[in-house]
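Okay, thanks everyone, let's get going.

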Amino acid sequence: DNFSIKYTIYERDGGWGIFEKVVYDIKFVASGDSGCIYKVAAECYLKAGEESKQEFVKDSQEKGTSLYRAVESHLLANPHLYA
C-alpha cells in the first residue's frame, strides 16, 4: 500500500523568521523488500521582502532525514507498536 500525508506549518517565534508557512507533502511508497521509500516535497511561502537561504534548505533536509531514520529504527525495533 501507498500512504501520504499533507500538512502545513505556520511560522512561529523562534523559527527562521522568513516563512509565512511551509506545506509538506509526504508519500510512503511500498518497496519490494517489505519496506518503503518516502518522498518529501515542501512548498515554502516566504514573508514579503524575504529571500530563501540555502543554509535553511540544507539544514531542513538533514533534520528531516535524521527524523525519518530515527522513526524507522524505532518501528523496526518495536513492530508490536504498529502490527
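Predicted model: local features only at pLDDT ≥ 70, side-chain atom pairs only at ≥ 80, totals over all residues.

So, start with the aromatic cluster: one cluster takes in Phe 28, Tyr 38 and Tyr 68. For pairing I mean rings of Phe, Tyr and Trp (its six-membered ring) with centres within 6.5 Å; planes under 30 degrees apart are stacked, over 60 edge-to-face, and the rest tilted.

Numbering starts from 1 along each chain as its sequence is written, and side-chain values use heavy atoms, with hydrogens and water left out.

Okay, the overall layout. The protein has 1 helix and 3 strands, and along the sequence that reads β-β-β-α. Those are DSSP runs, numbered from the N terminus: helices are H or I with at least four residues, strands are E with at least two.

The 3 strands make an open sheet, ordered 1-2-3, with antiparallel pairing. Strand 1 and strand 3 are the edges, each with a single partner strand, so one side of each has no neighbour in the sheet. From one strand to the next, the twist averages 15 degrees. Angles here run from 0 to 180 degrees between N-to-C directions, with axes as lines fitted to C-alpha atoms, for helices over the stretch in contact.

Who pairs with whom? Strand 1, residues 3-10, goes antiparallel with strand 2, residues 19-30, over 8 bridges. Strand 2 is then joined to strand 3, residues 36-46, by 11 bridges, again antiparallel. I'm calling two strands paired if DSSP finds at least two bridges between them. Strands 2 and 3 make a hairpin with 5 residues between them, and in the turn Ser 34 has a positive phi of about 65 degrees.

Which residues stand on either side of Phe 28? Phe 3 is opposite Phe 28, and in strand 3 the bridge partner of Phe 28 is Tyr 38. Remember that Phe 28 and Tyr 38 are both in the cluster I opened with.

Back to rings, then. How many aromatic pairs does the structure hold? There are 3. One of them is Tyr 7 with Tyr 24, which is stacked at 5.2 Å centre to centre, with 25 degrees between the planes. That pair links distant parts of the chain, with Tyr 7 in strand 1 and Tyr 24 in strand 2, 17 residues apart. Tyr 7 also stands opposite Tyr 24 in the strand pairing.

The cut-offs are under 20% relative accessible area for buried and over 50% for exposed, with partly exposed in between (1.4 Å probe, protein chains only). Strand 1 as a whole is hardly covered, with 0 buried among its 8 residues. Across the protein, 8% of the 83 residues count as buried.

One more ring: the charged end of Lys 21 sits over Tyr 45, 4.8 Å from the ring centre. That label needs NZ of Lys or CZ of Arg within 6 Å of the ring centre and within 35 degrees of the ring normal.

On to the helix. Helix 1, residues 54-77, lies across strand 2 and strand 3, at about 145 degrees to strand 3. His 74 belongs to helix 1 and is partly exposed, at 44% relative accessible area. From His 74 to Asp 25, 49 residues apart along the chain, the C-alpha separation is 22 Å.

Last bit, overall dimensions. The radius of gyration is 16 Å, whereas a compact globule of 83 residues would have one near 12 Å; that's over C-alpha atoms, and the globule rule is 2.2 Å times the number of residues to the power 0.38. The C-alpha box is roughly 45 × 20 × 20 Å along the principal axes.

That's me done; over to you.

Notes
Contact = heavy atoms within 4.5 Å.
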